[in-house]
Amino acid sequence: MSTRRPVESLLPELPNDEPWYELKFQLRELDADLHELLSRLQQQKTHLGLEEKATQLWSELYELYILEDHDAEAHAPRAVQLAQSLLTLPPEAVPEWGDAAAAQRCDFTLPTDVLACDSLSLASSKLAQHLEGAIAHLSEAHLAIQHALDARGPAHTVLGHVLPHAMRVQQLLQGPVRAQVQSAWQWSVPYWRLMVPEAAAAHDARVAAAEAELAAIEAELDAGEPKKS
C-alpha cells in the first residue's frame, strides 16, 4: 500500500481550511488509491499461470473491483465538484458532500460467455487482456492525479489546472477502468475454477453449508414468531 502524504503538504498555495482542505483530501485519496490499485493489479498479472496463486488472484480482483468502484463514485466526482465550485462560488457556498443517489454500484453477475467458458487457455487469455487494459488506463489516471497535484500559482490558476485532470480521472474510472477491472474479475472466475477445480469445489461446499445453516436459522425464527390473526 502507498503511504498517504499529509493533506496540508499538497497544493501549498491553497488554504488548509474547508472546503479547500477537502479538495486536497479527495485528491490525496485518489493518488494513494490509484497507486494501490495499480501496484496490486501489476502484481496479480505476474501470478497468471501459477496454480498456487489462482485463488488469491480471483479473491484479489474481487477486492480491487470494489475499491475501484468506490473511487469512481466517491472521491473522483467529489474532487471535480469541489474544484468546479471553488472556481465559481465563495467557499461558504460550496455544496456538502452528499450521497450519490444515481451512483453505479458493483455488478457481480457473470455474462453468459464467462459462465459457459470451459477452456482454461481462453479464460487465461481474456484475463490477461483485461488486466493489461486496466493497468494501462489506471496508469493514465494516476499520472493525471500527479499532474493535478503539481499545480502551483494563485488559487484560481491552481483550480483551473486541477479541474481538467480531476475530470479526466473521473472519466477513466467510470469508463474504461471500471469496465476492464470488472471484466478481469469476471474472467478470473472461470480461470480459477478451471485452474484449481478442487479449491473451487471446496469453496462451493462451504458456501452451500453456510446458506443451509442460515436458512435453518431463519426457519426457526419464523416458526417462533406469533401468528397474525
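Are Glu29 and Arg28 buried or exposed? Glu29 is buried, as is Arg28, where buried denotes under 20% relative accessible area, exposed over 50%, and partly exposed in between (1.4 Å probe, protein chains only). The structure is a predicted model, in which local features need pLDDT of at least 70 and side-chain atom pairs count only at pLDDT 80 or more, while totals for chains, interfaces and linings use all residues. Residues are numbered from 1 along each chain as its sequence is written, and side-chain values use heavy atoms, with hydrogens and water left out.

The side chains of Glu29 and Arg28 form a salt bridge at 2.7 Å, N to O; the term requires a side-chain nitrogen of Lys or Arg within 4 Å of a carboxyl oxygen of Asp or Glu. Both residues belong to a salt-bridge network that links Arg4, Arg28, Glu29 and Asp33. The whole structure holds 13 salt bridges.

Another of these joins Arg178 to Glu73 at 2.9 Å, N to O. This pair connects distant parts of the chain, with Arg178 in helix H5 and Glu73 in helix H2, 105 residues apart; helices are DSSP runs (H or I, at least four residues) numbered from the N terminus. Arg178 counts as buried because its relative accessibility is 6%, and Glu73 is likewise buried, with a relative accessible area of 12%. Asp204 and Arg193 also form a salt bridge, their closest N and O atoms lying 2.8 Å apart. Here Asp204 is in helix H6 (residues 197-224) and Arg193 in helix H5, 11 residues apart. Asp204 counts as partly exposed, since its relative accessibility is 33%, and Arg193 is partly exposed at 33%.

At the level of domains, the protein chain divides into domain 1 (20-65 + 115-174) and domain 2 (175-221), with bounds from an automatic or database domain assignment. Their centres, taken over C-alpha atoms, are 24 Å apart. The contact (heavy atoms within 4.5 Å) takes 33 residues from domain 1 and 21 residues from domain 2.

The two domains bury about 2500 Å² between them, 75% of it on carbon and sulfur atoms; buried area is the accessible area (1.4 Å probe) that two parts lose on being put together, summed over both. Trp58, Tyr65 and His130 supply 27% of the area that domain 1 buries against domain 2, more than any other three residues. Across this interface the rule finds zero salt bridges.

Methods: Helices (H or I, at least four residues) and strands (E, at least two) are DSSP runs, numbered from the N terminus.
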